[in-house]
Amino acid sequence: MTISKKLGFSSIVITLAVAIFLGASVFLVYQLQASQEKQQLSQKINDMSFQMALLQSEYLAHPSEQLKGQWMDTKEVQTRILDQGKHLFVLPEEKALFEKTSAVLQDSTVLFGELVYNIDNGWDQAMVKELNDRLTANTQTQVSNALNLAELGSREAADALRTLEFVIVVLAIIILAILIGSYVMVRSIIKSLNLLGKGARTIAEGNLSYNLNIKSKDEIGQLAEAFNTMAVKLESFYSGLEEKIAERTIELEAEKAKAEAILLSIADGLVALDLQGRIMLVNKGFENMLGWKEEEMLGKKLVDAMPLLNEAGKVIPESQKVLTKVLLGTTAMVKDIPNTQYFYKKKDGSLLLVTFNAAPIMLGKKIIGAVAVFRDVTKEKEIDKAKTEFVSLASHQLRTPLSTINWYTEMLLAGDAGKLKDKQKEYLSEIYTGNQRMVELVDALLSVSRLELGTFMVEPEQTNITELIESEINEQKPQIEKRQIKVSSSFQENNFTVKTDPKLLRMIIQNLLSNAVKYTPIGGEVKTEVTFSKLRGNMLDALIKISDTGYGIPDNQKDKIFSKLFRADNVREKDTEGTGLGLYIVRLIIEHSGGKIWFESQENKGTTFYLTLPLEVVSK
Amino acid sequence: MSHTAENKKVLIVEDERPMREALCNKFKQEHFNVFEAKNGEEGLKVALQEHPDMILLDIIMPVMDGMAMLEKLRLDFWGKTANVIMLTNIDNKSNITEAMQKGVLQFLVKSDWKIEEVLHIVQEKLK
């Protein structure tokens, strides 16, 4: 039976019991009341019977109307009482007795009437005595009746009380039974709930094959059954899920393996780092180039396990800062720090020259690590070195015979081998001039080679721009004086200490100045002007103007003026010397330094060259 | 050891005969006591023997080049402070740096300088 049914049943039982109890109580109260009334009535009858007897004997002694009246009154009262109490006596036994009582009273009334008549009319002694005896007997009977009635009444009350006691006991037993039953039921429910709780926890811990052993047919039993069904369903669901996961994992593993294979096959060295800079992965290239196996590297911080070193094998601290910046996301990508050679230490202790790149690994918008790629550039550096050496050597080979010619010509012209005739001097001068051009050409070609090969490095150092330009102007003094050129210069006041590469700046200024002087007719003017303007951060922009009142550049040749080995027609005619490389070199240097160069020119009026050069401010 | 300028010793280490002769003649003209060598090995020997007041040193030379000779020279007690001027036609950066590190007085590219100028420089340095 289900719990609800049990509960319902119990409620009904209790309700009934209470109803019965109430009913019984009401009944008892009623009974008691009735019994009490009966007893009162009986008592009254008893009393009145005695009173009538008394009156009767008094009348016999002294007959009077008054006494007769009192007897009749009393009888009336008794009659009334009996009438009124008729409804109280319903049981047959009671009723019979009651009837008898009424009958006796009737009889007594008749007898008394006869007695009175007799007494009033002669007084037959024998009749009076008989009547008196009969009345007395009636009285006794009546008293006895009254007593019986009373007794009957009290017996009924006792019966009712016992009935009530019985009902109460039964009720108490029923209630106790129900209480015990409830207690037992609640205990069993709690036990089942505990089992359910334990079962739920077991399943939550992963043991899906747990089965609740609750077999009752009530709600708890249904719950347990539902629970077991759920466990079974969960188990099959999870095993199904596990299968799906296994399948998917195999797919993903395959994809991952492919991606890894691609990654690991990159010929360059690759190392992936987590956000703390620890090595998550290295590829075959890394292992091959450096001799370390992946297992030996995993988990270690890159800057500890494989720091970038300089030629002396000392750690380059900037490279570590750079990696930190990449991981923090403050730098998008990092290339080599200029003028620094990077080495990694191989497992065998030797150094490997590398070029190094680091970039953050982005997952959506978040940085989850960094990946660094490096390449063995030993060959490249060797090739570069070979190129540089070749150029140097080639220029050396070219210069050697040139200097021989120079010096011997100089010595001849100086008269070391004897006095010369004028014509001889003249011819020797031509040889010397021609040779000088060759020397200039070789020097220019050497510069061009170096610039084009990119094998020269920009080396900024603290430079005084004003001093540098003025010294270059000074270098041109011989030419300036020869051509009687008026030279002026203006430099903007500044309190800055700037850094730039002086040798490159010299090349620029020297070329432009010598051009200005060279290509200006006698008595012309050359002006130099330097101004500064702020760029961003600690960078300053220098604007250098070099203007002359010279031959100018023909309009139709302006676009060629910066090209290699180009000389404009108008200066060729004017018998000036030039390699055609000067402006080309200047352009290369300026472009490499991040500056700009342009010019304004009018044929036979003059030319002004403008150039901008970014400078680093060291201090104010 | 005080000599007059005219009796100063100068050592010319140069493998190119014409250049070597030109220099020797020029310095002899100015009454220098001139010594010559045609490679680094010879140059080192003569230097350590004669202790010249000035050494004009070329770089590209057979047998032993100028840089090697310079290094060996600096190992010698006298050679440590010997006056050396590089006189060469090769001018790549590493050579210049290395030479300056080894304490040469000046690095001259031959084709940039007149022979008279070379003479004057030596005379200046010996003052």
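Helices (H or I, at least four residues) and strands (E, at least two) are DSSP runs, numbered from the N terminus, and two strands pair if DSSP finds at least two bridges between them. The model is predicted: local features need pLDDT of at least 70, side-chain atom pairs count only at pLDDT 80 or more, and totals for chains, interfaces and linings use all residues. Residues are numbered from 1 along each chain as its sequence is written, while chains are lettered from A and ligands numbered from 1 in the order in which they are written.

**View 1. The two hairpins around β4 of chain A.** Strand β4(A) covers residues 351–363 and runs antiparallel to β3(A), to which four bridges join it. Across this pair, Phe343(A) has Leu353(A) of β4(A) as its bridge partner. The hairpin of β3(A) and β4(A) has five residues between the strands, and Gly349(A) in it takes a positive phi near 95°. Strand β5(A), residues 366–376, is also antiparallel to β4(A), and 10 bridges join the two. Val354(A) stands opposite Asp376(A) of β5(A). In the hairpin of β4(A) and β5(A), with two residues between the strands, Gly364(A) has a positive phi near 70°.

**View 2. The open five-stranded sheet of chain A.** The strand order is β2-β1-β5-β4-β3, with antiparallel pairing. The edges are β2(A) (279–282) and β3(A) (342–345); each has a single partner strand, so one side of each is left without a neighbour in the sheet. On average, neighbouring strands of this sheet are turned by 40° against each other, direction ignored (axes are lines fitted to C-alpha atoms, for helices over the stretch in contact, and angles run from 0 to 180 degrees between N-to-C directions). In general, strands of a sheet pair through backbone hydrogen bonds, either parallel or antiparallel.

View 3. Chain A has 16 helices and 12 strands. Of its 620 residues, 22% count as buried (20 or more other C-beta atoms within 10 Å of a residue's own; exposed means 12 or fewer, partly exposed in between, with C-beta atoms placed from the backbone). Contacts are residue pairs whose C-beta atoms, placed from the backbone, lie within 7 Å. Among contacts in chain A between residues at least 6 apart in sequence, 63% join residues at least 24 apart. Phe166(A) is part of helix α4(A), residues 125–204. Phe166(A) counts as exposed because it has 11 C-beta neighbours inside 10 Å. From C-alpha to C-alpha, Phe166(A) and Ala24(A) are 10.0 Å apart in space, and they are 142 residues apart in sequence.

**View 4. Strand β4 of chain B and its two partners.** Chain B holds five helices and five strands, which follow the pattern β-α-β-α-β-α-β-α-β-α along the sequence. In β4(B), residues 84–88, five of five residues are buried. Val84(B), Met86(B) and Thr88(B) point one way from the strand, while Ile85(B) and Leu87(B) point the other way. β3(B), residues 54–57, pairs with β4(B) in the parallel sense over three bridges, and Leu57(B) stands opposite Met86(B). Four bridges join β4(B) to the parallel strand β5(B), residues 106–109, where Leu108(B) stands opposite Leu87(B). Together with helix α4(B), residues 93–101, β4(B) and β5(B) make a right-handed β-α-β unit.

**View 5. The nonpolar cores.** A nonpolar core is a set of buried Ala, Val, Leu, Ile, Met, Phe, Trp, Tyr and Cys residues joined through C-beta atoms within 7 Å. The largest has 36 residues, and those with the most contacts inside it are Val10(B), Ile55(B), Leu56(B), Leu57(B) and Ile85(B). Leaving aside residues up to four places away in sequence, Ile85(B) touches residues including Met54(B), Val104(B), Leu105(B), Ile121(B) and Val122(B). Another core, of 33 residues, lies apart from the largest one and includes Ala444(A), Leu588(A), Leu611(A) and Leu615(A).

**View 6. The contact of chains A and B.** Chain A contributes 16 residues to the contact and chain B 16 residues. Helix α10(A), residues 378–413, supplies the largest share of the chain A side, 13 residues. The chain A side divides into six nonpolar, seven polar and three charged residues (Ala, Val, Leu, Ile, Met, Phe, Trp, Tyr, Cys and Pro count as nonpolar, Asp, Glu, Lys and Arg as charged, and the others, Gly among them, as polar).

Terms used
Contact = placed C-beta atoms within 7 Å. Right-handed = clockwise from strand over helix to strand, strands pointing away.
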